[in-house]
Amino acid sequence: MKVTLNRIENYHVSVSNNTGHEIHLDNKSASPQPQGASPMELLLMGIAGCSSIDIIAILNKQKLDPTSLRMEVEGHREEVKVPSLFDKIHVQVFIDGDIPEEKAQRAAKLSFEKYCSVSKTLEATAEITYQVIVNGNKL
């Protein structure tokens, strides 16, 4: 696995992987109009992306295909420390479709507690919690 970073202007950079997919990053505290996500936001995006892949794969193995999957990931950082690490991360997983609630809950549990490499990496410094909402019903 390899990525390449190129500076565009000031703190605005472009990062691409070996297949050419590109993401823009910027320093939100130093740029009046940031041109990309912050690196810390990218970590939260990574949790959502990693876990969504796990959840869909687990449900698909059971012949279940959600009509929609959405996540909201909120991270809290240690404010007075440098570096300012995440100490709490909470994920809300919204799943719609003909998915039994217990199977949706189990898929999320397996993702966050066993399979998601991003979550497992960040759990060394952050308490990661999650809540599953199936067809509008909080579990």
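Tutor: Read along the sequence, the elements follow the pattern β-β-β-α-β-β-α-α-β-β. This is a predicted model, in which local features need pLDDT of at least 70 and side-chain atom pairs count only at pLDDT 80 or more, while totals for chains, interfaces and linings use all residues. Residues are numbered from 1 along each chain as its sequence is written, and side-chain values use heavy atoms, with hydrogens and water left out.

Student: What makes a stretch a helix or a strand here, and how many of each are there?
Tutor: Both are DSSP runs, numbered from the N terminus: at least four residues of H or I for a helix, at least two of E for a strand. By that rule the protein has three helices and seven strands. Strand β7 covers residues 137–138.

Student: How do you know what confidence the predictor has in the protein?
Tutor: By pLDDT, the predictor's confidence in each residue, from 0 to 100. The mean for the protein is 95, and 100% of its residues reach 70 or more. Among the elements, β7 has the lowest mean (92) and β6, residues 127–134, the highest (98).

Student: How do you know that β4 and β5 pair?
Tutor: Two strands pair if DSSP finds at least two bridges between them. Ten bridges join β4 (residues 68–77) to β5 (residues 86–96), and the two run antiparallel; therefore they count as paired. Glu74 stands opposite His90 in β5, and His76 stands opposite Lys88 in β5. β5 also pairs with β6, in the parallel sense, over eight bridges. There, Val93 stands opposite Val132 in β6.

Student: Why is the pairing in that four-stranded sheet called mixed, and which strands are at its edges?
Tutor: The open sheet has the order β4-β5-β6-β7. β4 and β5 run antiparallel, whereas β5 and β6 pair in the parallel sense; the pairing of the sheet is mixed. β4 and β7 are the edge strands: each has a single partner strand, so one side of each lacks a neighbour in the sheet.

Student: What packs on this sheet?
Tutor: Contact means heavy atoms within 4.5 Å. Helix α1 touches β4 and β5, and its direction makes about 145° with that of β4. Helix α2 touches β5, β6 and β7, with its direction at about 160° to that of β6.

Student: Why is α1 called oblique to α2?
Tutor: Axes are lines fitted to C-alpha atoms, for helices over the stretch in contact, and angles run from 0 to 180 degrees between N-to-C directions. Under 35 degrees counts as roughly parallel, over 145 as roughly antiparallel, 65 to 115 as roughly perpendicular, and the rest as oblique. α1 (residues 39–61) and α2 (residues 101–115) pack at about 130°, with their axes 9 Å apart, which means that α1 is oblique to α2. The contact includes Ile47 and Ile58 of α1, and Ala104 and Phe112 of α2.

Student: Where are the other strands?
Tutor: An open sheet of three has the order β1-β2-β3, with antiparallel pairing. β1 (3–9) and β3 (22–25) stand at the edges, each with a single partner strand, so one side of each is left without a neighbour in the sheet. Four bridges join β2 (residues 12–17) to β3, where His24 is the bridge partner of Ser14.
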